[in-house]
Amino acid sequence: MIVKRNKLNLWERLYLPAIIGGFKVTVRHFFKKKVTMQYPEEKWVVPEGYRGAPYLVKDQEGRTKCVSCQLCEFVCPPKAIRIIPPGPSGAPDAGNVEKAPHEFEINMLRCIFCGFCQEVCPEEAIFLMKDYSLTGTRREELIYDKEKLLALGGVHQDRIRKWKKKADEAQAQGLAP
Ligand code: SF4
Ligand code: SF4
């Protein structure tokens, strides 16, 4: 079937109604409230409880809370965590109290932000923070080592300060400086 086209009159062939109509839409949106986000200078404010990238935290005394139990490494579904414990000859982090990991890596390319590591950790040493935008120019840059994870995690304000108690006991027994 051939569809017959209506002939345009002179006014229509000038395209002025269409151009004016387009300008009207532009002017209307020009004065409306801005909705575009200038990413990455502006960032999305994530809701409470958001599960972003997992980082290690320190306690109030600046000690590594992780005790190398490796539960998180065991439970991590995509095997994104790799821990090297200090071993029997390794120096403890908190004066003969516990053993901080020799190395702790999280491969952010593998991490699925499931939160299992946070849930399973007996020391509240690893938390899923609010970071959702992790970038790098090489794959190696997205394997975060212990220093980087601790720097990003910051300090966790503990209510129960078991380290302090044990450190005091060790000091009293002359086992710690
Ligand atoms: S959030 Fe899930 S996938 Fe990511 S490191 Fe923790 S356990 Fe592994
Ligand atoms: S982060 Fe927690 S679960 Fe993982 S090794 Fe350290 S203490 Fe254990």
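Predicted model: local features only at pLDDT ≥ 70, side-chain atom pairs only at ≥ 80, totals over all residues.
Local features require pLDDT of at least 70 and side-chain atom pairs count only at pLDDT 80 or more, whereas totals for chains, interfaces and linings use all residues. Side-chain values use heavy atoms, without hydrogens and water.

Ligand 2 has 13 residues around it, and Cys 66, Cys 69, Gln 70, Cys 72 and Cys 121 come nearest (a residue is near if one of its heavy atoms lies within 4 Å). By class, this shell comprises 10 nonpolar, 2 polar and 1 charged residues.

The whole structure contains 4 salt bridges, each defined as a side-chain nitrogen of Lys or Arg within 4 Å of a carboxyl oxygen of Asp or Glu. Side chains of opposite charge can pair when their charged atoms come close.

One salt bridge joins Glu 48 to Lys 130, with the closest N and O atoms 3.2 Å apart. These partners are 82 residues apart: Glu 48 lies in the loop between helix 2 (16-30) and strand 1 (54-56), and Lys 130 in the loop between strand 4 (126-128) and strand 5 (143-144). Helices (H or I, at least four residues) and strands (E, at least two) are DSSP runs numbered from the N terminus. Glu 48 is exposed at 72% relative accessibility, while Lys 130 is partly exposed at 40% (buried is under 20%, exposed over 50%, partly exposed in between, with a 1.4 Å probe and protein chains only).

Another salt bridge pairs Arg 82 with Glu 105, again with closest N and O atoms 3.2 Å apart. It links strand 2 (residues 81-84) to strand 3 (residues 103-107).

Finally, Glu 141 and Arg 138 form a salt bridge at 3.7 Å between the closest N and O atoms. Shared partners join Arg 138, Glu 140 and Glu 141 into one network.

Definitions and conventions:
Residues numbered from 1 in each chain as written. Chains lettered and ligands numbered in written order. Nonpolar A, V, L, I, M, F, W, Y, C, P; charged D, E, K, R; others polar.
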